[in-house]
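Dear colleague,

Please find below the structure for your review. My notes on its loops, salt bridges, surface and pockets follow.

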Amino acid sequence: MKLFEVKNRTPERIAQLLEVWETSVRATHLFLSDSEIEHLKLYVPQMLEEVPDLVIAAVEEDHPAAFLGRADRSLEMLFVAPEMRGRGIGKQLVNYGIEHYAIEVVTVNEQNPQAIGFYEHMGFRVYERTELDEQGNPYPLLYMRYAPSARQA
């Protein structure tokens, strides 16, 4: 698996990443309805354009399997295509983010236990919880901070 930073965010690249985002969300965010996913999908291309750093994991450069977006020291997005889950790609991307961007925090939907378990395994610990998401919807968020001493082997 090759990791590379995206400098040129072409419409084709954004479309590829949007597909990874959608299939990943449909596989992991079971608390969201189809209409909620379709609504969120409208905003994802802009987020992909605006996130300061975007790293793709791909077998071939033209076929992304996963991606990470980061701003400051925050992991803003991590999505892995469902057929690629369980292969260590998410771990590679998070390790890359920690090593190259000093990522310290991530926000996770409380209703996504797989993500919570993954980030705990990677050494993140909850430091804050909210009842509503950032759009005011009733989806509690967990704010997690990287604590290397908590990392599991």
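Asp 72 is exposed, with a relative accessible area of 63%; exposed stands for over 50%, buried for under 20% and partly exposed for the range in between, with a 1.4 Å probe and protein chains only. The model is a predicted one, in which local features need pLDDT of at least 70 and side-chain atom pairs count only at pLDDT 80 or more, while totals for chains, interfaces and linings use all residues. Residues are numbered from 1 along each chain as its sequence is written, and side-chain values use heavy atoms, with hydrogens and water left out.

Backbone in two loops

Asp 72 sits in the loop between β3 and β4; helices (H or I, at least four residues) and strands (E, at least two) are DSSP runs, numbered from the N terminus. The phi angle of Asp 72 is near 55 degrees, a positive value in a residue other than glycine. Ala 102 also has a phi near 55 degrees, and it too is a residue other than glycine with a positive value. Ala 102 belongs to the loop between α4 and β5 and is partly exposed, at 30% relative accessibility.

Salt bridges

A salt bridge is taken as a side-chain nitrogen of Lys or Arg within 4 Å of a carboxyl oxygen of Asp or Glu. By this rule the model contains 9 salt bridges.

One of them joins the side chains of Arg 73 and Glu 104, at 3.0 Å from N to O. This pair links distant parts of the chain, 31 residues apart: Arg 73 is in the loop between β3 (63-71) and β4 (74-80), and Glu 104 is in the loop between α4 (89-101) and β5 (105-109). Arg 73 is partly exposed at 45% relative accessible area, and Glu 104 is partly exposed at 36%.

Another salt bridge brings together Glu 110 and Arg 129, with an N to O distance of 2.6 Å. Because Glu 110 lies in the loop between β5 and α5 (113-121) and Arg 129 in strand β6 (residues 124-130), the pair ties together parts that are 19 residues apart in sequence. Glu 110 has a relative accessible area of 28% and is partly exposed; Arg 129 is partly exposed as well, at 38%.

Arg 129 also meets Glu 131 in a salt bridge, at 2.5 Å from N to O. Glu 131 counts as exposed, with 53% relative accessibility. Elsewhere, salt bridges that share partners join Glu 22, Arg 26, Asp 34, Glu 38 and Lys 41 into one network.

Nonpolar surface

Leu 42, Tyr 43 and Met 47 make a nonpolar surface patch of about 330 Å². Patches are built from residues with over 30% relative accessible area and no salt bridge, where like charges are joined within 9 Å and nonpolar side chains (Val, Leu, Ile, Met, Phe, Trp, Tyr) within 5 Å. The accessible areas come from the Shrake-Rupley method with a 1.4 Å probe, and for residues only the protein chains shown count as cover. Leu 42 counts as exposed because its relative accessibility is 63%.

Pockets

Grid points are joined across faces, edges and corners, and a volume is the space filled by probe spheres set on the points.

The largest pocket has a volume of about 1,400 Å³. Its lining consists of 45 residues, of which His 29, Glu 76, Phe 79, Thr 107 and Asn 109 lie nearest the centre. The elements giving two or more residues to this lining are α1 (11-28), α2, α3, β4, α4, β5 and α5. The largest share, 7 residues, comes from β4. By class, the lining of the largest pocket holds 24 nonpolar, 14 polar and 7 charged residues; Ala, Val, Leu, Ile, Met, Phe, Trp, Tyr, Cys and Pro count as nonpolar, Asp, Glu, Lys and Arg as charged, and the others, Gly among them, as polar.

Kind regards

Definitions and conventions: 1 Å grid on protein atoms, 1.4 Å probe; cavity = no way out; pocket = protein on both sides within 12 Å on 5 of 7 lines; lining within 4 Å.
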